[in-house]
Amino acid sequence: MNTGIIRYSLNSIRYYLTTPQKRKAVWMFVLLLVSSFLDVVGLASLVPVMMVAAEPGGVQKSKYFGPIYDGLGFQSERSFLLVLIVGVFLFFLFKNLFSTWVNYLQTRFTANVGLSIIQNQLAKYLNFPFWYFNDLGSSQLINSTLQVPSTYVNMILRPLFIFFSEVAVVLVIVVSILVYKPLLLVILALVLVPTTLLTYGALRARAQSIGNRINELRPISFSIIGDLFTGFAELKLANKQQRFKDQLLDNQREIQKLDAEVYLYTLLPLKVIEMVAILGVLTIFLYAIYVPGSSTNLITLVGLFAAAAYRLMPSVNRMLMAMVQLKQCQYTIEDLEAYREPKYRVAQAEQQAELSFQNNITLDNLVFSFPGATTPALQGVSLTVRKGQKVGFIGSSGSGKTTLMNLLLRFYIEDQGHILIDGKVLGPEHIEAWHRIIGYVKQDTFLMEASIKDNITLGDANVDQERLGYAIEQASLRGFVNGLPDGVDTFIGERGSKLSGGQRQRIGIARALYKRTEILILDEATSALDNETEREVNEAIDRLSSTDMTILIIAHRITTLRDCDQIYELNAGKIISTHQYQDLLNRVL
Ligand SMILES: Nc1ncnc2c1ncn2[C@@H]1O[C@H](COP(=O)(O)OP(=O)(O)OP(=O)(O)O)[C@@H](O)[C@H]1O
């Protein structure tokens with residue numbers, strides 16, 4: 001049998017198991033063997049019991065039960081049969097309790113492995129360099145973090161257990177037949193082995209390609225449904241909801257069709273094996289009819305063949321089903337294995353060091369290129385910001401302002417040059433300390449579907465009320481919050497849908513203040529803010545300017561830069577000039 005997919009799946013599981021878990025897996029396999037053995041013994045024991053029960057005086061005549069009957073001094077066959085039947089019942093009770101316990105252990109084990117795979121995927125993606133993160137997109141990431149591990153558990157891990165426990169059953173039967181009647185084993189092997197191989201051979205390629213296709217289609221559905229709900233208002237107004245709905249249904253139609261096809265494939269093996277087994281029986285019969293003198297022996301053989309094949313068929317079928325499922329979901333193994341190379345990990349030092357910021361931040365000749373880009377996004381940027389300064393960045397769209405901030409935030413790492421804090425190179429060992437003192441207010445502030453308080457504290461369990469009050473005050477949110485029925489406990493809707501653009505940015509500012517940010521990067525919203533919103537945001541920035549916070553502002557409106565000590569202008573990844581606010585204002589006027 002082609003065991004490529006089995007070996008591949010086992011290797012993939014090994015990666016996730018800790019040493020105790022590996023030991024547990026072996027232990028579980030032993031328990032499964034015992035459980036399979038009890039299964040076969042249970043069924044096999046029924047035949048002699050039924051035979052002696054059906055024939056009066058059968059107990060004493062039986063070569064198995066006769067000695068037990070005499071040895072235990074039974075007086076009547078009826079009482080012996082009663083004890084025998086109760087014994088059989090108790091055996092089945094024990095067997096089923098035992099196999100349920102094994103199933104329970106097995107499901108707990110697979111659930112734990114599933115959880116460690118999700119943890120592993122999360123760790124992988126949360127440590128992803130930012131640009132890959134953006135490249136993959138959230139639908140793909142959600143699929144890989146939640147859907148793929150769950151499919152892996154259901155369609156790789158569980159089928160593997162089934163496969164091995166069926167192998168155990170088949171082995172027990174095969175050994176019994178080998179001892180009892182080797183010729184029968186030869187006939188069975190001649191009939192069942194080629195059938196199994198041919199059926200698997202016919203289904204595996206298609207099963208795999210269906211699995212791959214379903215994995216391509218699922219994120220598309222996630223993405224369309226995300227757009228459909230988040231873009232509710234825009235799509236409704238543009239009368240485009242129907243088009244998105246149609247796209248989603250087309251995609252789902254293909255998924256459902258492929259799912260149904262795969263389900264059909266899991267039903268097929270049993271039918272094929274049954275046809276071949278019956279063909280075997282009939283062929284032996286025909287032989288008995290047309291070859292004179294061979295019938296008595298052959299008819300016994302047919303009986304035995306049919307009985308053995310009947311018991312083997314479900315096991316072989318389950319083995320085949322398991323293999324088809326493994327093949328169909330091979331993509332999950334590939335998906336989980338993706339992005340394990342070091343280049344997909346932001347370098348992080350095991351030992352984190354403290355960092356203090358007292359004097360200045362120096363960018364020393366920073367060069368940075370996005371993977372695959374022909375020209376660097378930053379081409380030797382050097383500047384110094386003193387503690388407490390307010391510095392502005394301007395420049396046309398695509399000039400590298402956001403990229404520069406992402407380097408400063410350590411979401412990207414420079415190809416050349418250094419960032420120095422008080423003259424000390426900012427390295428991977430400072431990431432945690434650095435992130436404690438730097439804050440970022442994006443153009444589109446990240447907001448959770450939660451209360452204002454939770455959005456400012458990012459779900460702090462023990463909120464520092466004094467700090468929260470200060471953050472609200474400094475971010476010019478006091479008036480707004482006081483006017484709300486539930487104050488800071490008011491829910492703001494999905495992604496802040498109940499807030500204005502200015503309020504959203506000010507929540508971002510309050511968040512940075514609550515965190516005791518020492519260096520704040522503020523990316524001013526590019527979208528046309530109305531006068532009132534612009535005034536609100538500027539008021540918050542003005543208040544910040546009176547603190548000792550070091551502020552770096554990417555500005556799209558010159559008025560935002562009013563309090564800046566220095567303004568840098570970028571073009572094509574380079575600083576082309578530095579300005580004072582008044583010069584810029586004169587230039588515009
Ligand atoms: N994830 C990315 N992958 C590849 N190239 C990128 C990526 N992000 C930005 N770029 C490219 O890098 C260059 C600088 O982009 P950046 O976002 O820093 O500009 P910006 O000055 O902030 O623009 P804007 O004012 O429009 O926000 C652009 O040419 C952009 O196309």
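The protein chain averages a pLDDT of 86, and 96% of the residues score at least 70; pLDDT is the predictor's confidence in each residue, from 0 to 100. This is a predicted model: local features need pLDDT of at least 70, side-chain atom pairs count only at pLDDT 80 or more, and totals for chains, interfaces and linings use all residues. Residues are numbered from 1 along each chain as its sequence is written. For the complex, the predictor gives an ipTM of 0.96 and a pTM of 0.72.

**Annotated spans**

- UniProt, in an unreviewed entry, lists residues 26–54, 79–98, 160–179, 185–203, 262–290 and 296–313 as "transmembrane region". Its positions are given in the numbering used here, feature names are shortened, and annotations may be inferred rather than shown by experiment.
- Residues 79–98 are 100% helix and 0% strand, with end C-alpha atoms 28 Å apart.
- Residues 262–290 are also 100% helix and 0% strand. Their end C-alpha atoms lie 43 Å apart.

- Helices (H or I, at least four residues) and strands (E, at least two) are DSSP runs, numbered from the N terminus.
- Helix 7 (residues 138–180) has 43 residues, so at 1.5 Å a residue it should span 63 Å. Its end C-alpha atoms are 60 Å apart, which agrees. The expected span is 1.5 Å times one less than the number of residues.
- Helix 7 bends by about 35° at Ser144. The bend at a residue is the angle between axes fitted to the seven residues ending there and the seven starting there.
- Helix 8 (residues 182–230) has 49 residues. From first C-alpha to last it reaches 68 Å, close to the 72 Å expected.
- Helix 8 bends by about 30° at Arg204.

- Four strands form an open sheet in the order 2-1-4-5, with antiparallel pairing. Strand 2 (378–386) and strand 5 are the edge strands, each pairing on one side only.
- Two strands pair if DSSP finds at least two bridges between them.
- Strand 1 (residues 360–368) and strand 4 (residues 416–421) pair over five bridges. Here Ile361 stands opposite Ile421 of strand 4.
- Strand 1 is joined to strand 2 by seven bridges. Phe368 has Leu378 as its bridge partner in strand 2.
- Strand 4 and strand 5 (residues 424–425) are joined by two bridges. Ile421 has Lys424 as its partner in strand 5.
- The hairpin of strand 4 and strand 5 has two residues between the strands. In this hairpin, Asp422 takes a positive phi near 50°.
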